[in-house]
Amino acid sequence: RTFFGDTPVQGCRRLAELGADAVGCNCTIGPADTLSLVEEVARSVNHPLVVMPNAGYPAQVEGRILYLSSPEYVASYAGRFVELGVNVVGGCCGTTPETIRAVATAVRGLKPASRSLAENGALRIEPMAEAAPRTAESPGGFFEKLREGFAVTCEIDPPKRPDAKAAVEAARLLKQAGADAANIADNPMARVRVSSLAVAHTIHRETGLTTILHMTCRDRNLIALQSELLGASLLGVEGILCLSGDPASLGDFPAATSVNDVNVAGLIRIIGSLNRGLDFSNHAIGVPTNFAVGAGINPGASDPDREAAKLRERADAGATFFLTQPVFDPDTVARFLDRVGGLPVKILPGLLPLASLRQVLYLHHEVPGITLPDPVIAKMQSLEDPEDQRAYGIDLARELLAALRGFAHGAYLTAGGGKAERLAAVLQP
């Protein structure tokens with residue numbers, strides 16, 4: 001909505017009624033998020049359209065506010081705007097003469113798709129070209145089980161050194177305990193680890209376990225994201241979890257640049273495009289990828305309506321499954337599932353077997369979005385022996401897992417430090 005509360009469609013219709021020669025969208029957001037707005041406006045407003053997005057979102061670099069999206073990235077959307085029937089394309093904040101030159105090159109020779117009123121009063125857009133290549137078939141294995149019943153995935157952190165033996169053994173242990181898939185984190189806490197893609201491939205090759213690759217917007221530009229995704233498809237990765245990534249300032253290299261060419265919704269759309277056999281510039285890649293696409297969500301957020309809206313946005317972009325932050329109360333999950341009921345997505349609540357009172361107090365007081373129930377804190381405070389505290393954490397996670405089996409789609413187990421034995425203990429009766 002605009003700052004005045006109007007939706008883009010409402011604003012454009014009103015301006016057209018007042019005599020504007022052309023209406024449209026500009027400023028505030030980058031081309032990826034603008035595209036979804038233009039799709040709605042183009043189907044609802046029978047008037048010449050103008051689109052001028054920003055060059056992505058601004059970032060503060062050495063005290064200066066800069067827009068980091070390249071001219072090529074902005075231009076990659078220009079043809080897509082024209083395919084929706086846009087008459088004028090350009091750029092707003094952060095764009096340069098080079099950006100406009102790239103946009104002009106991208107749309108040269110194109111004609112806006114025709115738009116005509118359908119029977120229901122909405123606008124029908126006639127496609128400029130043949131339909132996109134076929135959509136790849138859905139992945140099997142873990143994702144087949146997720147469609148039919150309850151599935152469990154466990155997180156494995158990549159090693160700090162180039163040796164995957166421990167990660168493979170952890171995957172074997174978890175598979176024997178009943179895990180259906182392994183999640184491979186992507187430089188968690190912005191600390192350097194072995195490539196998550198290399199670890200995912202090694203685990204799948206050695207154990208046959210389905211792998212879900214975490215991919216952050218933080219570390220890769222638009223080219224590298226697509227290259228990594230194509231490589232993941234080649235190496236047998238079945239699922240991608242799209243994440244923003246912890247800020248680089250938290251890790252071992254605080255001066256490192258966070259790229260963020262796209263946000264999570266943008267990354268989801270990139271994968272959707274590859275699954276249709278096209279790169280993000282609509283060039284055919286020959287064989288479509290075959291990824292299940294997921295994202296993160298927090299059912300215990302302080303503003304559940306905002307979190308539900310975020311889930312819907314990412315689902316609209318193409319996400320089909322969601323993994324949540326750790327939860328410690330099944331009622332929290334049930335309430336959130338009711339709030340987003342009806343969406344064709346699978347939500348797997350996160351389970352973290354608590355290891356100590358110190359960890360409990362840290363999570364409760366210092367980690368945004370995580371709140372532990374008072375009875376859990378009181379119980380942990382009553383246990384003086386560290387072994388008793390660890391045992392209680394495992395028992396609590398088991399109880400939560402049993403409760404989730406009654407109404408959730410699955411579960412996502414993480415030990416918060418790569419302790420596969422603790423996750424296996426939760427899975428075992």
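**Note on the predicted model**

1. Confidence. This is a predicted model. The protein has a mean pLDDT of 87, and 93% of the residues score at least 70. Among the elements, strand E15 (residues 410-413) has the highest mean pLDDT, 96. Strand E7 (residues 123-125) has the lowest, 50.

2. Barrel. 8 strands close into a barrel, ordered E8-E9-E10-E11-E12-E13-E14-E15. The pairing is parallel. On average, neighbouring strands of this sheet are turned by 25° against each other, direction ignored.

3. Strand E12 (residues 292-297) pairs with strand E13 (residues 321-326) in the parallel sense, over 4 bridges. Isoleucine 297 has threonine 324 in E13 as its bridge partner.

4. Helices on the sheet. Helix H9 (residues 222-234) packs on the sheet and touches strands E10 (210-216) and E11 (239-243). The direction of H9 makes about 175° with that of E10. Helix H10 (residues 264-275) packs there too, touching E10, E11 and E12. The direction of H10 makes about 155° with that of E11.

5. Helix pair. H14 (residues 374-382) packs with H15 (residues 386-404) at about 150°, their axes 10 Å apart. H14 is therefore roughly antiparallel to H15. Their crossing is right-handed. H14 contributes Pro375, Val376, Lys379 and Met380 to the contact; H15 contributes Gln389, Tyr392 and Leu396. These contact residues divide into 5 nonpolar, 1 polar and 1 charged.

Key: Residues numbered from 1 in each chain as written. Predicted model: local features only at pLDDT ≥ 70, side-chain atom pairs only at ≥ 80, totals over all residues. Heavy atoms only, no water. Axes fitted to C-alpha atoms, helices over the stretch in contact; angles between N-to-C directions. Helix = DSSP H or I, 4+ residues; strand = E, 2+ residues; numbered from the N terminus. Parallel < 35°, antiparallel > 145°, perpendicular 65-115°, else oblique. Left-handed = near helix turned anticlockwise from the far one by under 90°. Contact = heavy atoms within 4.5 Å. Nonpolar A, V, L, I, M, F, W, Y, C, P; charged D, E, K, R; others polar. pLDDT = per-residue confidence, 0-100. Pairing = 2+ DSSP bridges.
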